[in-house]
Amino acid sequence: MVGCWVLALLSAAMSADAAWHLVGTHQVDPGSLSNGVRVASDLQLVALVEYYKDHSRTRVVVLSASGDILSTFSPGAERGLGGTVWLNAERGQARVLVFSNKRAPDGGPSLVPPHLLTLEVKTGKTLHDLALERLDFAVQPTRDGREMVIYSHNDRRIVTEDGKVLCHLGALDDPLPKGAGGGGPEAAEDWPLLPAPQGGYLLTIAPNGKDIYQVTSKGDRYWELHLSDLFAMGQFAPVPQMAESGRYLLVGNTVTTARAAQFSLAPKKREWPNVYFNSLPLSAKGWSLTLVGIQDEAGSGVPGGKGRIVWGTLRLQDHADPLAPAPYTLGPVALEDRLSLVTVAAWESGGIWLWDITPKGRVQNTGRITPNLPPTSVLNEMHLAGDPPVLLVPYESREPKEVGALWLSTDGKELFRWSTPGTDCEGYLSTDGHRAMIRSHTAVHMFTDE
């Protein structure tokens, strides 16, 4: 009995200090014309969407957390495969959007409506078949899959998983600005949507990134965020990012010529005082981050009742110094809600800024780390998860051609480093910070610290 306890204690100690390591690799079929990856938020399931010249071979391959094939699904020669694939390991299910390959006589969308199929991931068997409307072209489910945003050429809407319509975004009692609701002649100007991970509401974001509106699943509008003309979504500025909890939104912007930085956050039909930074030089350039808190006003457990600016920072180049470095550039950002603290990471000019922020907006810790990346590497994303947080930094090196990633603690300690020959790097980190995936053009690589 004593020996059993000793073994158990040794096992627990080893588990607590477990190091990151590669657990499996799945080679991508080189015969596919193109492919994409979709993941469950816990990275227990991964789907490869493979397209072939022979439409009957186009398929979804569902992988386990170790890269083993669980099942495959092909819509067949008569139907095409949409890019939407939702995965949920707890349910053991996937949802796949399929279309008819037969075009209408006028060359427009098929007269046959698309279908959203729910599959059992272990067998590939169809559990449920939901027919959508003819002009629907994409689906964006929430993390738990209980709600979905349906993208359509004439009617964007929020629906339940069984197809019940909760609200039509283009026909709210309190209408959204042109383009935010979708459909009609302004469809080309549709604003991107950001559903809350657990449903209850979504945010619709203007293409300029400066105007953000909240809509609940019932079609109500509670608050909206406006940034002044000082801020503009530059070509390389990150898109607004929502925490997995749905309680915070991180907005990153590049700075253009202006005298002052102005924030305003207002409930619908009621102005709040604006928050100003100090006056800035006309030629000032740099970037800003704004953290917006989304409160649970109704006590329902689903945030969305009220929005408030929690924290903001502004980084500007000093043009008074003729030897000042090139204008600061904002790269990828990452956000992790740790309940008692919110951790924000931002890549700037070769380094990573990190902040720990309390729910009331007080900065508890600030740091900057400079990861040791290959000199020709390109970094397009960062991921932050866990408590304490793990920072995943995927990169692609141009010379030599390789993809890789660094795993870092927020105090700058390097936890793991990995690379392999390849191009087109894409990375993912599980919501608990214990699993990761790196994809290249040739393979999918799975990692864990468990």
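Q: Which residues is Phe447 in contact with, leaving aside its neighbours within four places in sequence?
A: This is a predicted model, to start with. In it, Phe447 contacts Trp20, His21, Leu22, Val23, Trp407, Phe416, Trp418, His434, Arg435, Ala436 and Ile438.

Q: Where is Phe447 placed?
A: Phe447 sits in strand S36, residues 443-448.

Q: And His21, how many residues apart along the chain are Phe447 and His21?
A: They are 426 residues apart along the chain. Their C-alpha atoms are separated by 5.5 Å.

Q: Is Phe447 buried or exposed?
A: Buried. Its relative accessible area is 1%.

Q: Zoom out. How many helices and strands are in the chain?
A: One helix and 36 strands.

Q: What percentage of the residues count as buried?
A: Of the 450 residues, 51% count as buried.

Q: Of contacts between residues at least 6 apart in sequence, what share join residues at least 24 apart?
A: That share is 47%.

Q: Now the inside. Which residues of the largest nonpolar core touch the most other members?
A: Leu289, Leu291, Trp311, Leu335, Val344 and Trp355. The core has 17 residues.

Q: Which elements give two or more residues to this core?
A: Strands S20 (248-255), S23 (286-295), S24 (306-316), S25 (330-337), S26 (342-348) and S27 (351-357).

Q: Pick out Leu289. What does Leu289 touch, not counting residues up to four places away in sequence?
A: Leu289 touches Leu250, Val251, Gly252, Trp311, Gly312, Thr313, Leu330, Val333, Val344, Ala346 and Trp355. Apart from the core already described lies another, of 16 residues. Its members include Phe73, Leu87, Ala94 and Leu119.

Q: Why would such side chains sit together?
A: In soluble globular proteins, nonpolar side chains tend to be buried together.

Q: Is Cys167 buried or exposed?
A: Cys167 is buried, at 5% relative accessible area. Cys425 also counts as buried, at 17% relative accessibility.

Q: What is Ser217 in contact with, neighbours within four places aside?
A: Cys167 is one of its contacts.

Q: Which side chain makes a polar contact with the side chain of Ser217?
A: That of Glu147, at 2.7 Å.

Q: Where is Ser217 found?
A: In the loop between strand S16 (211-216) and strand S17 (223-227).

Q: A loop residue, then. Why call Ser217 buried?
A: Because its relative accessible area is 7%, and the cut-off for buried is under 20%.

Q: Switching to charges. How many salt bridges does the count come to?
A: It comes to 20 salt bridges.

Q: Start with Glu133. Which residue does Glu133 form a salt bridge with?
A: Arg157, with the closest N and O atoms 4.0 Å apart. The pair links distant parts of the chain, 24 residues apart. Glu133 is in the loop between strand S9 (126-131) and strand S10 (136-141), while Arg157 is in strand S12.

Q: Is Arg157 buried or exposed?
A: Arg157 counts as buried, at 4% relative accessibility. Glu133 is partly exposed, at 39% relative accessible area.

Q: Which residue forms a salt bridge with Arg368?
A: Glu348, with the closest N and O atoms 3.3 Å apart. Arg368 is in strand S28 and Glu348 in strand S26, 20 residues apart. Arg368 is partly exposed at 36%, whereas Glu348 is buried at 2%.

Q: And Glu450, which residue does Glu450 form a salt bridge with?
A: Arg435, with the closest N and O atoms 3.1 Å apart. Glu450 lies in the segment after S36 and Arg435 in strand S35, so the pair ties together parts that are 15 residues apart in sequence. Glu450 counts as exposed, at 54% relative accessibility. Arg435 is buried, at 9% relative accessible area.

Q: Which residues do salt bridges that share partners join into one network?
A: Arg91, Arg95, Asp144, Arg146 and Glu161.

Notes
Residues numbered from 1 in each chain as written. Predicted model: local features only at pLDDT ≥ 70, side-chain atom pairs only at ≥ 80, totals over all residues. Heavy atoms only, no water. Helix = DSSP H or I, 4+ residues; strand = E, 2+ residues; numbered from the N terminus. Buried < 20%, exposed > 50% of the residue type's maximum accessible area, 1.4 Å probe, protein only. Polar contact = N/O pair within 3.5 Å; in protein donor to acceptor, adjacent residues only side chain to side chain. Contact = heavy atoms within 4.5 Å. Core = buried A, V, L, I, M, F, W, Y, C linked by side-chain atoms within 4.5 Å. Salt bridge = Lys/Arg side-chain N within 4 Å of Asp/Glu carboxyl O.
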